[in-house]
Amino acid sequence: MSAPVTHAMLLAAGLGTRLRPLTDRLPKPLVPVQGRALIDWSIERLEAAGVNHLVVNLHHLPQLVEAHVRARWRGHLAFSPEPEILETGGGIRQALPLLGTAPFYAINADTIWLDGQIPMLERLARQFDPARMDALLLCVPTVLAVGYDGMGDFMMTADGRVTRRPAREVAPFVYGGAQLVSPALFKDAPAGKWSVNRLWDQAIAAGRLHGLRHDGEWFEVGRPQAIGEAERVLYDLGFRKPPS
């Protein structure tokens with residue numbers, strides 16, 4: 001992809017039920033890991049990638065998320081409130097008018113990744129080909145996903161096309177919570193509450209869903225105990241807040 005990616009959406013509306021009781025008083029994107037709010041890990045990398053238009057959806061404790069992001073983000077900023085949680089597909093669909101007409105990043109606000117030699121967002125932008133792809137997903141090797149204990153999500157062909165994990169098998173890749181997506185994926189998509197998995201399956205059937213293998217560290221922090229695990233690994237990698 002030759003044009004720079006200037007727009008991004010941070011998906012920050014979830015309830016974070018698996019992180020209770022922390023999320024009873026704090027929205028999941030603001031839960032600290034190594035002394036930094038989860039959402040700040042993504043904001044820092046979006047800024048470094050040259051994104052200057054950010055959209056954030058809101059639901060759980062929205063005033064806290066909004067105040068935090070307003071104090072942190074230096075570019076153009078918009079919010080997409082969800083009185084009822086719209087899930088990943090419905091949330092992006094509602095925010096489309098704020099995201100422009102070019103491909104944009106959609107990032108889970110609770111995602112933590114460390115880059116390899118080339119920043120991950122830059123790699124997504126380099127590899128994205130709108131002639132062949134509707135979305136390019138960050139795919140993390142399942143065995144290297146810190147804190148993840150599931151069976152993975154995707155298989156990947158040599159040319160990068162992804163397919164679903166076969167039943168009762170462990171897939172080599174888990175979705176890493178980041179994608180570069182064309183607005184065309186959402187053409188004719190309905191309003192309301194639904195998962196982006198619906199559109200991914202359509203793109204898989206058309207051979208237009210692709211994956212990028214992550215070449216750095218990645219952390220699943222969906223459970224309280226996983227926060228400590230992530231902090232210990234990050235500390236060993238040079239982040240200076242001592243592990244508890």
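Colleague: How much space lies in the second largest pocket?

Modeller: A pocket is defined on a 1 Å grid over the protein atoms alone, as an open set of points where a 1.4 Å probe fits, with protein on both sides within 12 Å along at least five of seven lines. Its points are joined across faces, edges and corners, and its volume is the space filled by probe spheres set on them. In this predicted model, the second largest pocket holds about 190 Å³.

Colleague: At what pLDDT do side-chain atom pairs count?

Modeller: Residues are numbered from 1 along each chain as its sequence is written, and side-chain values use heavy atoms, with hydrogens and water left out. For this predicted model, totals for chains, interfaces and linings use all residues, local features need pLDDT of at least 70, and side-chain atom pairs count only at pLDDT 80 or more.

Colleague: Which element supplies the largest share of the lining of the second largest pocket?

Modeller: The lining (residues with an atom within 4 Å of a point) comprises 13 residues, among which A48, A49, P119, L121 and E122 lie nearest the centre. It divides into 10 nonpolar, no polar and 3 charged residues, where Ala, Val, Leu, Ile, Met, Phe, Trp, Tyr, Cys and Pro count as nonpolar, Asp, Glu, Lys and Arg as charged, and the others, Gly among them, as polar. Two helices (DSSP runs of H or I, at least four residues, numbered from the N terminus), α2 and α5, each supply at least two lining residues. The largest share, 4 residues, comes from α5.

Colleague: Which residues of α5 are buried?

Modeller: Buried means under 20% relative accessible area and exposed over 50%, with partly exposed in between, for a 1.4 Å probe and protein chains only. Helix α5 spans residues 120-127. Its buried residues are covered by elements including α2 and the strands (runs of E, at least two residues) β6, β7, β8, β11 and β12. The buried residues are M120, L121, R123, L124 and A125.

Colleague: How far apart are the C-alpha atoms of H214 and D115?

Modeller: H214 is placed in the loop between β12 and β13, and it counts as buried because its relative accessibility is 4%. Leaving aside residues up to four places away in sequence, H214 touches W113, L114, M120, R123, L138, C139, V140 and P141. Although H214 and D115 are 99 residues apart along the chain, their C-alpha atoms are separated by 8.3 Å.

Colleague: Which element gives the most to the lining of the largest pocket?

Modeller: The largest pocket has a volume of about 1,000 Å³ and is lined by 42 residues, with K28, T88, N108, D110 and Y175 nearest its centre. Two or more lining residues come from each of α4, β6, β11, α6 and β13. The lining divides into 18 nonpolar, 14 polar and 10 charged residues. With 5 residues, the element that gives the most is β11.

Colleague: Which residues are exposed on the other side of α6 from its buried ones?

Modeller: L199, W200 and A203 are the buried residues of α6. They cover an arc (of the directions from the helix axis to the C-beta atoms) of only 105 degrees, so they lie on the same side of α6. Their cover includes β8, β9, β10, β11 and β12. On the other side of α6, the exposed residues are Q202 and A205.

Colleague: Which backbone nitrogen does the side chain of N57 reach, and at what distance?

Modeller: N57 lies in strand β4, residues 53-58, and counts as buried because its relative accessibility is 3%. Beyond its neighbours within four places in sequence, N57 is in contact with M9, L10, L11, A12, A13, S80, E82 and G91. The side chain of N57 reaches the backbone nitrogen of A12 at 2.6 Å.

Definitions and conventions. A polar contact is a pair of N or O atoms within 3.5 Å; within protein, one must be able to donate a hydrogen and the other to accept it, and residues adjacent in sequence count only if both atoms are side-chain atoms. Contact means heavy atoms within 4.5 Å.
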